[in-house]
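User: Could you take a close look at one part of this model for me, and then follow its contacts into the interior? Please spell out the cut-offs as you go.

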Amino acid sequence: MSALTDRLDRVAAQTRVPGAVSGLLRRLRRAGGNVALGLIDQALLSGSAFVLTIVLANVLDINSFGRFSVAWSLSILIEAVFLRGLFDDGLPAAAHRIPKSIWPQLRLGLHLASLLVSGALGLLLVGAGLVITTVGGDTGGLVIVTGLAIPAVRLQSMFRRICYLDGRLPRALASSLTYCVALVVSAGLMIALKLTGAAAAMACIAISAALAGGLLLAHTSELAWPQARIFRGSLRRLFRNGRWFVATSLTYWIGSIGLIPVCGFLIGLDASASLRILLLVFAPLSQFCATMFSVRLPEIAAELRAGRRSAVAAAARENALLLGSIAAAYGTAVVLLGQRILALVIHGQSYEIGTGSLALMGAAMALDAVWLGLALPLFATGKPQRFMLSRIAGLVALCCVLPFAAEAWQVMGAVTAMVASSAASVITVVLTNSARERT
C-alpha cells in the first residue's frame, strides 16, 4: 500500500508541476499583453504631450510659453494630485473589497462624484478668470480655459483608470488615440487661424480630453445607478485613504512640476519655460513608470490582499530594482543625446538647458523611480500613509536647498534641489522599511 501511495503521489506531483508552470506562463503572457498595451497607451499620451509642447515652444514667445507652463502645472496640481488622489489611487484596493457584481454601480458612482468635484473646481477657476478679465488682466482667458479643461481631463482620466481596473486596456488605448487625433486637429486649426496664445493651447487640451472621455457613452450598458448605501460606502473608503494619497502626491508635485511656478516667481518666466522643457525630455520615463504603476497596481492589490509582510517587502524590492534600472539607462541616453535632439526640434528660442541640468534631472528621476517602486505595494494595499514620512523628508530637503541653489545656479540650482529632495525621500523610506522589517 505504501509503494502504491508513493507512486500515486509522484504521478500527482508530475501533473501538478506542469499545471503550475502553464498557469504561471498564462499569467506572464497576460501580464505581458497588458504591459504592452499600457505602454502603447502611455506612449500615445506622452507623445502627444511632447509634440504639443515642442510646437508651443516654437510658435509662442518664451513668456507666453512660460504662462502656459504655469497654468499647466496648476492644472496638474488639481487633476493629478487632488482629484486623482481622491478617486483614482485608492480605487484598486477599494474595488477588490466589494463583489464584482457591484462594480457597475461603482463605475457610475465614481464618474458622477469625480465630475461633480472637478466641475465645482473648474467653475471656481472660470469665475476667477472672469474677474481677472473684468479688471483688465491679460491672463483671464487662460484661467477661464484652464477651468474648463479640468472636468474634461477628469472625465478622460476616470474612464482610463476604470479601463485599467477592469483589465480592458484596448478601451483605454482607444481613448488615448481619440485624444491624440483631436489634439492634432485642434492644434493644427489653432496654428492655421493664428490663435497662437497660451489660452488657445489650453483649449486644445480641453477639447481633446472631452472627446476622449466621451467614449464612456459607448459603454453605458456596463454602468448601473448606484445604491445610496454602496455609493456612500465606496466613497467613504476612497476618501479615508484619499487624504494620504493626496498628501503624498502633493509633496511629490511640489518637488517636481510645482517648481515651474516657483521658478517663475524666484527666477522668471523664462526659467519656468526651461524647466518645463526639462521635464518634457523625461516625460517618456515618467509615463513608463506610470504605466507599470497602473498595470501592476490592480494585480498586486489582488495578490497582496491577504499576503504576508515579507511578500510586500519582496514586491517592493523587485519593482524598485526594475524601475530604477530603466530610469538610470534612460537618463544616461538623455545626457548623451538630449542636447542634440533639443537643438533639432526647438528653433528661435533660447532655453537654459545644459548637460549638467540634464544629468541632474536624470538623477532626480531615477531616484523617483526607485521611490515609486518601493511605494507600489503599499499603495496596492491602501496604506500610503507609511510613505508620507519619506515625502515630508524630501520636502524639507527641497525647502532647505532651493532658495540658495536657485539664486546661485538658476535653473540648474532648481534641478539640484529636486535631486536633494528625491534622495532624502529614498533614504528615509529605505531606513523606515528596514526598521519595520526588523520588528
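Analyst: Ser274 sits in helix H10, residues 269–281 (helices are DSSP runs of H or I with at least four residues, numbered from the N terminus). This is a predicted model, where local features need pLDDT of at least 70 and side-chain atom pairs count only at pLDDT 80 or more, while totals for chains, interfaces and linings use all residues. Residues are numbered from 1 along each chain as its sequence is written, and side-chain values use heavy atoms, with hydrogens and water left out.

Ser274 counts as buried because its relative accessibility is 2% (buried is under 20% relative accessible area, exposed over 50%, partly exposed in between, with a 1.4 Å probe and protein chains only). Apart from neighbours within four places in sequence, Ser274 is in contact with Tyr351, Glu352, Ile353 and Val411 (contact is heavy atoms within 4.5 Å).

Tyr351 leads on to the largest nonpolar core, which has 97 residues; Phe65, Phe68, Leu275, Tyr351 and Met361 touch the most other members. Such a core is a set of buried Ala, Val, Leu, Ile, Met, Phe, Trp, Tyr and Cys residues joined through side-chain atoms within 4.5 Å. Helix H13 (residues 355–380) supplies the largest share of this core, 11 residues. Phe65 also touches Tyr351, and its other partners beyond four places in sequence include Ala273, Arg276 and Ile277. A second, separate core has 19 residues, among them Ile78, Ile98, Trp103 and Leu165.

Notes
Helix = DSSP H or I, 4+ residues; strand = E, 2+ residues; numbered from the N terminus.
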